[in-house]
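Welcome, and thanks for taking a look at this one. Please open the model below and keep it beside you as you read the briefing.

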Amino acid sequence: MNNIKKKLNNIIVILLLFAIFAAFIIAGGFWWNSNQKKLALENWKETLESVADLKRGEIIRWRQERIGDALSISKSPFFLEKAESLLKNKNIFDKNIKLIKTRLKLLLEPFGYSNIYLVDNKGRTILSVKEGYYGTLKKSTLELFYKSLESKNVIFSDIYACQVHQAVHIDLIAPLIIQRDHKQEILGALVFIIDPEKFLFPLIQSWPTASPTAETLLVRQEGDRVLFLNTLRHRKDPPLTITLSLDSPQLPAVFAIKGDAGIVDGLDYRGVPVLAVTKSIPGTSWHMVAKVDKDEVFAGLHREGKMIAAGVFTLVLLVGMSMGWALTAQRKGHYKVLFRLQNERQALLAHFEYLVKYANDIILLVDENLKIIEVNDRACEAYGYTREEMLHLHASDLRDPGTLAEMPEILQRLEQGEGLVYETAHRRQDGTVFLVEVSNRIIAESGRKHYQAIIRDISERKQDEKLLKESEEKYRTLFESSSEGIFLMTDVFLDCNEKACRLWACQREDIIGHSPMEFSPPRQPDGRSSEAAARERIRKAISGEPQFFYWQHRRKDGVLIDTEISLIAVTVTGRLLVQATLRDISDRKQAEAEIKLNEARLASLVKIAHYESESIQDLLDFALNEAIALTGSKIGYICFYDDETRQFTLNTWSKEVMQECTIAEPPTIFQLEKTGIWGEAVRQARPIMVNDFPAPHPLKRGYPEGHAALYKYLTIPVFSGERIVAVAAVANKATDYDQADVRQLTLMMDAVWKILARRQAEEALRFLNLELELRVEERTAQLEAANRELETFSYSVSHDLRAPLRGIDGWSLAFLEDYGDGLDEQGRNYLGWVRAETQRMGQLIDDLLSLSRVSRAEMRREPVDLTALVQAIADKLRQTDPERQAEFIIQPGLAATGDPRLLEMALVNLLENAWKFTGKQPVARIEFGGMEQDGRPVFFLRDNGTGFDMAYASNLFGAFQRLHQASEFPGTGIGLATVQRIINRHGGRIWAEAAVDQGATFYFTL
């Protein structure tokens, strides 16, 4: 009875233990399933976040690289020079077109541009790299174009559908700006047409791992709807055609547009439940959505859940059986343990088979003879064999033949270690070769040795690495070959090119790892702190705002140089850096300083020239004060020098000298032999400069007690021809005198001496005017008598010479008409020549009379419209030969005061000359215009005719002087002499410039 009760208690205990174990096992199964679901969800969230961040970063980097392309070309001095020529001339035959196209084609294909336009500042297309659209930009692009010109920054357009090319495009507009005379001039812009199908859309649509439902997409808001920008994976509609309402609350794209960035659950455009991550793209209206179907997220869990349920049921059953077996005899214990172990092993094998079968990597199991004994589905898919075919293959059958020699070494290394990972090449059934990463290890199973291989296809990764390497090599080539200094930096320099080293006169190792502040003075020329200003510029560049500014650097040898700097943010190997581009402008700054000095000197000379002085001494006093101010000095003097007596006369000195001087009766005349250092300017005939006057000097003889103290001193000789006529000196400048001071003082005093000589000449001229007036009255009377005699002679010439000439011509014509048939050809030619020469003599008489009348005619001055006068003459010339191709270019609004009749005669002669000498040109081009020279109006007539040799220009305006054969261009040689007399009578002058076969230009003043 006790035994029965004990057995009953044992049964109750066993059943209670069984119930507890079963409850734990079932709870563990539910816990495992729940935990795996959370783990799968977290894994997919991390994957979506990583993919979205990766693609967002790539898009940002792609945009920055395109901006970098635009800046590198639009700020290139070489490109700006060529573009300026083309945009201003707008000549389709401009030689710069080929150079510009060649430069732009380097960017076209490698960087995914469909086309690049060169546009003037009115929005008109001047040049297209590919044959394509010319004319004014379309409205949307034109608005961005003007916005870019106004802001002077590179501007990206949004993605749009181009109706002209039936394609999706993005515009990138870079203004072309030149710096001239401290002003910026906008020439136009470069318009880069980007095809997003070449890079942007493939980047968005790709997914880094195998997935049947995962995808990324770009969206933006269009009114009250969501516009999908790229082609979708599950729909084949073209880009920019699919829109959905913003009232779709569960649509991930709506979350993105409303700014709810992060992980969201929702329904995608198909109405399918998805897990998604949303990101905004900085600087754009775009939002990115990376998503995957929830069915795919939990696909593995459904299968694992069934397997876990089966495992739980099996374990409960095993525990129950174990409890039942515990009540039986001990003899069944051994079989019970074996049975349980067998079932556990089968469950584990089933679990392993499931993991292997559905793994994303290739998994092979090979026996010790390298015969394949097990494969997963991915292996069959990758190699193109069926499972049965692969189980009949040797491991070497999957290798590229060129890699078989590696196998012995790999097997030997496997025997020596726990595992081995290496890269090699495998071959598919169709013979194609692909790169793989293999993880090998040895597995012992039932006392037998097996090799397990987990294989991953790395072809795409290797291709990406190759493209990245090629891209880095291209960048490095451009980096090192640039004509400007380029640096990559954070708060220290990370890299630089060879030009940068030469710019700063040091080696690369002197730059890398060092702070930019080591190469700048503490303060810039405008007083700013270099460190504070530099950090602010770098901060703005990193934030996406390109910087362009002037900066002063200090080289390693301490020399200060002026530079132009461009800062932009770039991404290198996933890291955001600042790229600095430097151009040395020290020569330009020096030239600007020189220009300022020259402008100051010119201003002083203008003031001196217009100074209304009462005497020459007053003029010299004023000129000395200007010289002192120009050189930044405190005191100065001017001495006249007589070469014959070798004597100085102190003519002018500054008031400050007299205020400091305490000599009772300072001398004003000095012998050259008794002078010290200040007389060396005459003895050596060159400027003398001493920047430490108190220091001992071999040429110094001291100066009298009470003389004003000198610290720095500069004296120059003043020449009149080969002779020294004066010396000028300045002293006590705050800084050292230099060659710029010497040059400015020398040029100024030379000009002053010429002004002085002119003033002296004017004084002498006034004394001569009285005598001249008397002579003029006498000459006038003589001239009137001579004019009367000339009129009588002209009448005699006109009447007495014309009668015989008419007789010769008339009798020659009668002889030809009456007896011409009796003459041979040579005789008739002789008589023809006699008549021609007679008529030519008559023309010469007419021209001589005309020339004499020009000199005697009474002048009647009144306003004359030269433009209208030239236009009327041109119209008459066209009527003489309507078939002739000729272009007259007449500047409007030209007028002068003079005799209308004489000026018309002069212009007729000049225009008829131009008409005659352009007769052999396919298209004659005659231009009449005006300009200003030395404050006076100058008129000119230019043609593209035969021209002449300037060596004979002195004969041009002489009577009967001709520079061409009469057989080529008929005429008497009186026309230009007549023109010169008319111009002289108007108080002007006429001259010409020409070259043989390159036309001629006649200039005249009135």
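Grid points are joined across faces, edges and corners, and a volume is the space filled by probe spheres set on the points. Please keep in mind that this is a predicted model, in which local features need pLDDT of at least 70, side-chain atom pairs count only at pLDDT 80 or more, and totals for chains, interfaces and linings use all residues. Residues are numbered from 1 along each chain as its sequence is written, and side-chain values use heavy atoms, with hydrogens and water left out.

**The largest cavity**

- The largest cavity holds about 260 Å³ of space.
- It has 17 lining residues, and those closest to its centre are Ala395, Met407, Tyr422, Asn440 and Ala453.
- Two or more lining residues come from each of strand S13 (362-367), helix H12 (407-416), strand S15 (420-427), strand S16 (433-445) and strand S17 (448-457); helices (H or I, at least four residues) and strands (E, at least two) are DSSP runs, numbered from the N terminus.
- H12 gives the largest share of this lining, with four residues.
- By class, the lining of the largest cavity has 14 nonpolar residues, two polar and one charged, where Ala, Val, Leu, Ile, Met, Phe, Trp, Tyr, Cys and Pro count as nonpolar, Asp, Glu, Lys and Arg as charged, and the others, Gly among them, as polar.

**The second largest cavity**

- About 170 Å³ of space lies in the second largest cavity.
- Met489, Pro516, Trp551, His553 and Ile565 are the closest to its centre among the 18 residues that line it.
- The elements that give two or more residues to this lining are strand S18 (485-489), helix H15 (530-542), strand S20 (547-554), strand S21 (560-572) and strand S22 (575-584).
- The lining of the second largest cavity divides into 15 nonpolar, two polar and one charged residues.

**Salt bridges**

- The whole structure has 39 salt bridges, each defined as a side-chain nitrogen of Lys or Arg within 4 Å of a carboxyl oxygen of Asp or Glu.
- Arg61 and Glu65 form one of them, at 3.0 Å from N to O, and both residues lie in helix H1, four residues apart, about one turn of the helix.
- Arg61 is buried at 19% relative accessible area, while Glu65 is partly exposed at 33%; buried means under 20%, exposed over 50% and partly exposed in between (1.4 Å probe, protein chains only).
- Glu84 and Lys88 also pair up, their closest N and O atoms being 3.0 Å apart, and they too sit four residues apart in one helix, H2 (residues 77-89).
- Glu84 is buried, with a relative accessible area of 14%, and Lys88 is partly exposed, with 46%.
- An α-helix has 3.6 residues a turn, so residues three or four places apart point the same way.
- Asp268 meets Lys291 in a salt bridge, with 3.0 Å between the closest N and O atoms.
- This pair links distant parts of the chain, 23 residues apart: Asp268 is in the loop between strand S10 (262-267) and strand S11 (273-280), and Lys291 is in strand S12 (residues 287-293).
- Asp268 and Lys291 are both buried, and salt bridges with shared partners join Glu215, Asp268, Arg270, Lys291 and Asp293 into one network.

**Backbone angles**

- Most residues other than glycine have a negative phi.
- Leu370 is not a glycine, yet its phi is positive, about 65 degrees; Leu370 lies in the loop between S13 and strand S14 (372-375) and is buried at 13% relative accessible area.
- Asn732, also not a glycine, has a positive phi of about 65 degrees; Asn732 lies in the loop between strand S28 (723-731) and H20 and counts as buried at 10%.

**Helix H20**

- Val752 lies in helix H20 (residues 739-819) and is buried, with a relative accessible area of 2%.
- Val752 and Val718 are 34 residues apart in sequence and 9.7 Å apart in space, C-alpha to C-alpha.

Methods:
On a 1 Å grid over the protein atoms alone, a cavity is a set of points where a 1.4 Å probe fits but cannot get out, and a pocket is an open set with protein on both sides within 12 Å along at least five of seven lines; lining residues have an atom within 4 Å of a point.
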